[in-house]
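Keep the sequence and the 3D view open while reading.

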Amino acid sequence: MTLLIEKHAKPSIQEILESGTFLVTGEIGPPKGSNIDEMIHHIDLLKDKVHAMNITDNQSSVMRYPSLGTAILIKERGGEPNLQVTCRDRNRLAIEADLLFAYTRGIRSVLCLTGDSIPVGDHKDAKSVFDIESVQLLQLIRNMEEGKDLGGNELNEPVSFYKGAIVTPEANPIEPQMLKFRKKIEAGAQWFQTQAVYDMDNFKRFMEQARKIDDKVKICAGLVLLTGPGQIKYMNNNVPGVFVPENLAKEMEEAPKEERLATGIRICARQIRMCIDEKLCDGVHIMAIGKEDVVPQILEEAGVDITKL
Amino acid sequence: MIITKSKPFEEVLKELEGESKIFIVGCGSCATTCETGGEEQVAEMKKRLEEEGKTVTGTTVYEEVCHELNTKRKFRENKEAVEAAEGFLVMCCGAGCQSVREATEKAVHPACDTVFLGNILRLGNFEEKCSLCGECVLEDFGAICPVTRCHKGILNGPCGGTDNGKCETDREKDCAWTLIYKQLEKEGKLDRFSRIYGPKNWQANMKPGRVIFEKKGGE
Ligand code: SF4
Ligand code: SF4
């Protein structure tokens, strides 16, 4: 069959993780509007600094340039995309069709999410779809890999993706979250990126539990760049499943205003170093949300050069 | 119980623009419990419409306006007032409104917004627990409906937004998946939680729903 991209410029996420290399991924948040200059700038800035880039899918239920279009753009510019797919805006037909398209354009890895709810976003009157959800999306892809769509019909050729999912180490209560983690693996998840973690002791405990459930599945820690006390307060009060512990909040508060970003960079670099040195997990996913420019700096401060991992 | 909320009076007035003779229909069942279309609310509506210069040719409040034969019978009983009216204001659910639609060729106006099939927690306090999906899966989930009570209708466990047992969409609402987990744990049936549930059949009840029961022998 003809893949429209004949040659991959970069190794895939699967190749990296399965070779035992520590995976470093970044994230691209597409813009609202048709001017994609800044996004292209970010893609070019990151494509050789990280192994791959996630592309958010109408993140926080805010309408933006599409994740699939951005994934292809990343591919065209020689980067490696990790396509995020949510179930909020598309039903099973639309998702299957998108996946066929993604596959023929050389997209090799898909992160399966249920998606945020409509009311948190900027189209509050929209109809939410949720025809399927994350676990069923993993099943759907496995079906397509076996040559069938969810209607039970044959595909003229199957697809193949490295199937990712997310897990929330700070979930409260944690037990149902761990059961769901297990289900995602059963449904086909081969690797995980976590929701943002800051409390590394809790993350260690989570990793122990996770390894007990499955010691082969790959898990990458999600790290969101801290930018100031306001953001920390906001996340602690408003973002479920995210918790910034007291000591980090204090470190940020004590930093002079002009050094807050530098402090956030330092904290993030420290976390990355810890994950590598203590072999806590299989990789990190850095979310700089709007501050993609500083990702190379974070990596430099962490002493991470992906060509040398 | 069908839960309704009254539309703002200004909106109702707007609906009735150009009609001066109105017949008001209230419902003795759900809309009475919701206090949106019982005797009291119908009398109040009559008074307010008259203050606005409308003529109320008649009012009626009876059990189950959604019963179409009943509604036609009530209209026959109120023949004169019904015939004198230019339009009908229906103070109950959308089903009741459309029952009235079948009983007259004149204009029919809704006075309420119909919100959900609700449980009565106490008077004036209702909660949606079933959304009539057409293929009930309660058996697998400790009789707590994930289709309705989880904002995203997830069948396989909590999303990342669950927060101390509350839902990410509204801290006042319980996360259905925390409830289901606790219930199945109590029953010693966590294996059901661990099962993977495939995509749901959303066409189990193809819209618009229609059911015709075969008559049992003898009737
Ligand atoms: S599964 Fe839920 S929505 Fe469907 S019939 Fe049962 S209670 Fe109602
Ligand atoms: S928080 Fe719970 S109820 Fe709300 S959408 Fe997530 S899983 Fe469903």
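Buried area is the accessible area, taken with a 1.4 Å probe, that two parts lose on being put together, summed over both. The model discussed here is predicted.

**The interface**

By that definition, chain B and chain A bury about 2,500 Å² between them. Carbon and sulfur atoms give 54% of this area. On the side of chain B, K152(B), I196(B) and P199(B) lose the most area to chain A. Together these three account for 24% of what that side buries. In residue terms, 28 residues of chain B are in contact with 30 residues of chain A.

What holds polar groups together here? The rule finds 14 residue pairs in polar contact across the interface of chain B and chain A. It finds zero salt bridges there. Two helices of chain B, α8 (176-187) and α9 (190-194), each supply at least two residues of the side that touches chain A. That side of chain B divides into ten nonpolar, twelve polar and six charged residues.

**A salt bridge in chain A**

Over all chains, the structure holds 33 salt bridges. One pairs the side chains of K32(A) and D122(A), at 2.8 Å from N to O. K32(A) sits in the loop between β1 (23-28) and α2 (37-46) of chain A, and D122(A) in the loop between β4 (109-112) and α5 (134-145), so the pair ties together parts that are 90 residues apart in sequence.

**Backbone exceptions**

Most residues other than glycine have a negative phi, and most peptide bonds are trans. The table lists exceptions.

| Site | Feature | Value |
|---|---|---|
| N172(A) to P173(A) | cis peptide bond | omega near 0° |
| K207(B) to P208(B) | cis peptide bond | omega about -15° |
| F130(A) | positive phi, not a glycine | phi about 40° |

P173(A) lies in the loop between β5 (162-167) and α6 (175-186) of chain A. P208(B) is in the segment after α9 of chain B. F130(A) belongs to the loop between β4 and α5 of chain A.

Key. Residues are numbered from 1 along each chain as its sequence is written. Chains are lettered from A and ligands numbered from 1 in the order in which they are written. This is a predicted model: local features need pLDDT of at least 70, side-chain atom pairs count only at pLDDT 80 or more; totals for chains, interfaces and linings use all residues. Side-chain values use heavy atoms; hydrogens and water are left out. Contact means heavy atoms within 4.5 Å. A salt bridge is a side-chain nitrogen of Lys or Arg within 4 Å of a carboxyl oxygen of Asp or Glu. A polar contact is a pair of N or O atoms within 3.5 Å; within protein, one must be able to donate a hydrogen and the other to accept it, and residues adjacent in sequence count only if both atoms are side-chain atoms. Helices (H or I, at least four residues) and strands (E, at least two) are DSSP runs, numbered from the N terminus. Ala, Val, Leu, Ile, Met, Phe, Trp, Tyr, Cys and Pro count as nonpolar, Asp, Glu, Lys and Arg as charged, and the others, Gly among them, as polar.
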